[in-house]
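The points follow the display.

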Amino acid sequence: MLTPADIRRHLDHLTKPAGSLGRLEDLALRLCAIQQTFTPQTRPRRIVLFAADHGVAAEGVTSWPSDVTHLMVRNIVTGGAASSVLARTTETGLRLIDVGTFGPDLTTDLDPTNQYVCAKVRHGSRNLAVGPALTVEEFDRALAVGREQADAASRDGIRVVAAGEMGIGNSTPASCLTALLAGVPLETAVGRGAGADDAVLARKRDVVALAVAAARPRLGVDLRAAIASVAGLEIAALAGFFVGAADAGLTIVLDGFIATAGALVAERLRPGTATAMIAAHRSAEPGHAAALAALGLTPMLDTWNLRLGEGTGALLLMPLLDAAAAIVTQMATFDSAGIAAHE
Ligand SMILES: Cc1cc2ncn([C@H]3O[C@H](COP(=O)(O)O)[C@@H](O)[C@H]3O)c2cc1C
Ligand SMILES: O=C(O)c1cccnc1
C-alpha cells in the first residue's frame, strides 16, 4: 500500500526543491495514490457523456427549451460541441449515451460514428415539482446503463475515465441532490445553470425548496426512493458509471456541478467511490465547492469560471494529468543525477 507520505517522499527525491511544482505535485500525488504506483498511466482514456431530458423543465426553471438536449446530442457526436473539441484536442475517446431524451433514436443517423448509444430508460424524467421524477425501478435501470459503460471502458483497457452530461433543466435535480445529500443550504445549492435570469432563478428556488422538503423525510426510510424522486436519468447513469469505474480500479476525473451530483449519489450508494476521483475544477455554480467538500475532494482548477458541464472541465484537466504523470515517471532523482543532499 502506497501511502500519501510514501508518495510525497518520492516526489521530494526528484531533482527540484520540495513542493516547487506546486499543485502539479498534488495532482501527481493523487494520481499515484489512486493507481497505487509511481508509474501512473493517463492513457488510453475516455469520456462518457450521458444525455436525458427533464419533466421539470416545464416549470420554467431553465431558460432553454428541452429540444436543445437532442440537438446538442447530435452536435456532440458530429464533433461541433465544446466537449467534442476538447476531447479531440486532449486525445480522449468520446461516447454519448442517450439514457432518456425526449428526442428520437439517432442510431441509424449517427451509426457510422460508433460513438452513440441509444439506451433510453424512458422519454425524460417526470416533473419533480408535482411528484417523484423517477420510480426506483427506472432509477436502477439508469444506474445499470452507467455501470455497463464503466465495465465496457474497463474491458477496452481504458485507464482514465471522465463522465459528463447533457440535459436541459438538469441543474434543477442537481441542486435538489446537492441540498439533500451534501446538506448544502438552498440559497447556495441553487444557481443560474445555463444562464437563468432572476425570474427563472426565483422559480427554480421555489421548485427545489418544495421537492427537497418532500424528499428529505424519506431519506432515512427509503434512500433510493428519496434520491430517485429528485434525480434525473443521466444523473443516475453518472452515479452507476462512477460506482462501476471505481470498482474496476479506473481513475475517475470528475467534472462540474451536475456530474458532482451524480458523484454524491454514487458515494451514498457505495461509500468510498470518491476515493477513485480527481476533481477537475470548481464550477461557477455556487453549490459546487460545498458538494466537492462533502466528497472530500479539492478541485485542481479553482479560478476558471467554467459553467458548461458536458465533461468540459474534466477534459481541460487532461493535459495537466499527463504532465503530472510525466514528472513522476520521467524526472531524475537527486541520487541518479548525482546532486548532493538537499534536506
Ligand atoms: C447550448 C447548450 C449546451 C450545453 N452543454 C451543456 N449544457 C449544460 O446546461 C444544462 C443545464 O442548465 P439548465 O438547468 O439551466 O438547463 C445542461 O444541459 C448542461 O449540460 C448546455 C446548455 C446549453 C443551452
Ligand atoms: O458545472 C456544471 O456542471 C454546469 C453548470 C451550469 C450548467 N451546466 C452544468
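Which residues in α12 are buried? The points below take up this question and then turn to the chain and ligand 2.

1. This is a predicted model, in which local features need pLDDT of at least 70, side-chain atom pairs count only at pLDDT 80 or more, and totals for chains, interfaces and linings use all residues. Residues are numbered from 1 along each chain as its sequence is written, while chains are lettered from A and ligands numbered from 1 in the order in which they are written.

2. In α12, the buried residues are F257, I258, A259, T260, A261, G262, A263, L264, V265, A266 and E267. A residue is buried if 20 or more other C-beta atoms, placed from the backbone, lie within 10 Å of its own. Because 11 of its 13 residues are buried, α12 is largely enclosed by the rest of the structure.

3. The chain has 15 helices and six strands, which are DSSP runs (helices: H or I, at least four residues; strands: E, at least two) numbered from the N terminus. Buried residues account for 52% of its 343 residues.

4. The C-alpha trace of the chain spans about 70 × 45 × 35 Å along its principal axes.

5. Around ligand 2 there are 13 residues, the closest being G256, F257, S283, R307 and G309; a residue is near a molecule if its C-beta atom, placed from the backbone, lies within 6 Å of it. Helix α12 (residues 257-269) gives the most to this shell, with three residues.

Conventions: Buried ≥ 20, exposed ≤ 12 C-beta atoms within 10 Å, placed from the backbone.
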